[in-house]
Amino acid sequence: MEKLIGLNKIKTAVFISGTGSNLESLIKFSLLKNSPIKINLIISNNIKAKGLKFAKFYKIKKKTYNLKNKYISEKLILKDLNVNEIDLICLAGFMKILSKNFIMKFKGKILNIHPSLLPKYKGLNTHERVINNKEKYSGCTVHYVNSKLDAGKIILQKKVKVSKRETPKSLKIKILKQEHKLYPRALKKILINL
Ligand code: GRF
């Protein structure tokens, strides 16, 4: 029975561009016995992404594409996803916007994590904007990806308090800690109906 569960894990690709701290938390989660996912592929648009070190450390296949020609790169990525029988994509700090065509091919199977309480503060520089607007709360959101930026259906959110002396850096650290817990929780929510 246990073997069967192991075999049935959902084959997942994680897309990154930078540090990869969410990638590492997803890998650790995937290695838990009862995790519903297995990470089979890491894709980055940035050959220098620090997070690529986790591919080596955890022995996971990795591919990099610069995405300068989005059409060609996406075609190659789709091929990689097919070859590796990927059924779920987790964007984790992936800084490129995927085309409508790509998203359609994986409709309902692409997730993203965003460091704000969506629908507030879509896009970049969220922490700076939150602090400039003197918000009392911020947080993070895991959502499905559709063709509009940071606008797909929300799966889970976690709220954090913005303290009086908060800086964009301290808020980023505070929220990242929550992101690392929220992404696995969101996956459990949609994949094992918890
Ligand atoms: C996270 O804050 C995530 O919400 C955003 O980009 C950041 C990536 O951080 N989309 P990391 O690369 O996972 O450390």
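This is a predicted model: local features need pLDDT of at least 70, side-chain atom pairs count only at pLDDT 80 or more; totals for chains, interfaces and linings use all residues.
Local features are taken only where pLDDT is at least 70 and side-chain atom pairs only at pLDDT 80 or more, while totals for chains, interfaces and linings use all residues. Residues are numbered from 1 along each chain as its sequence is written, and side-chain values use heavy atoms, with hydrogens and water left out.

The largest pocket has a volume of about 1,100 Å³. Pockets were looked for on a 1 Å grid over the protein atoms alone: a pocket is an open set of points with protein on both sides within 12 Å along at least five of seven lines, whereas a cavity is a set of points where a 1.4 Å probe fits but cannot get out. Points are joined across faces, edges and corners, and the volume is the space filled by probe spheres set on them. Lining residues, those with an atom within 4 Å of a point, number 39 for the largest pocket, and Gly93, Phe94, Met95, Ile113 and Pro115 lie nearest its centre. By type, the lining divides into 14 nonpolar, 17 polar and 8 charged residues. Here Ala, Val, Leu, Ile, Met, Phe, Trp, Tyr, Cys and Pro count as nonpolar, Asp, Glu, Lys and Arg as charged, and the others, Gly among them, as polar.

Helices (DSSP runs of H or I, at least four residues) and strands (runs of E, at least two) are numbered from the N terminus. At least two lining residues each come from α2 (21-30), α5 (100-105), β5 (110-114), α6 (126-132) and α7. The most come from α7, which gives 5 residues.

Now for the ligand. The residues around it, meaning those with a heavy atom within 4 Å, are Thr19, Gly20, Ser21, Asn22, Gly93, Ile113, His114, Pro115, Leu176 and Glu179. A polar side-chain atom of Ser21 sits 2.5 Å from a ligand oxygen atom. Asn22 comes in with its backbone instead, an N or O atom lying 2.8 Å from an oxygen atom of the ligand. For Glu179, a polar side-chain atom is 2.7 Å from a ligand oxygen.

With neighbours within four places in sequence set aside, Glu179 is in contact (heavy atoms within 4.5 Å) with Asn22, Ile113, Pro115, Cys140 and Pro184. Glu179 and Ala92 are 87 residues apart in sequence, yet their C-alpha atoms are 9.9 Å apart in space.

Asn22 is itself one of the buried residues of α2, along with Leu23, Ser25, Leu26, Ile27, Phe29 and Ser30. Since 7 of its 10 residues are buried, α2 is largely enclosed by the rest of the structure. The cover over these buried residues includes β1 (10-16), β2 (37-44), α3, β4 (88-91), β5 and α7.

Glu166 is buried, at a relative accessible area of 10%. Its side chain makes polar contacts with the side chains of Ser170, at 2.6 Å, and Lys174, at 2.7 Å.

In strand β1 there is Thr12, buried with a relative accessible area of 0%. A polar atom of the Thr12 side chain lies 2.9 Å from the backbone oxygen of Ile10.

Leu118 and Pro119 are joined by a cis peptide bond, with omega about 10°, and Pro119 is placed in the loop between β5 and α6. Asn125, found in the loop between β5 and α6, has a positive phi of about 50° although it is not a glycine. Lys59, in the loop between α3 (53-57) and β3 (61-64), has a positive phi near 55°. Lys59 is exposed, with a relative accessible area of 75%.

Note on methods:
Buried means under 20% relative accessible area, exposed over 50%, partly exposed in between (1.4 Å probe, protein chains only). A polar contact is a pair of N or O atoms within 3.5 Å; within protein, one must be able to donate a hydrogen and the other to accept it, and residues adjacent in sequence count only if both atoms are side-chain atoms.
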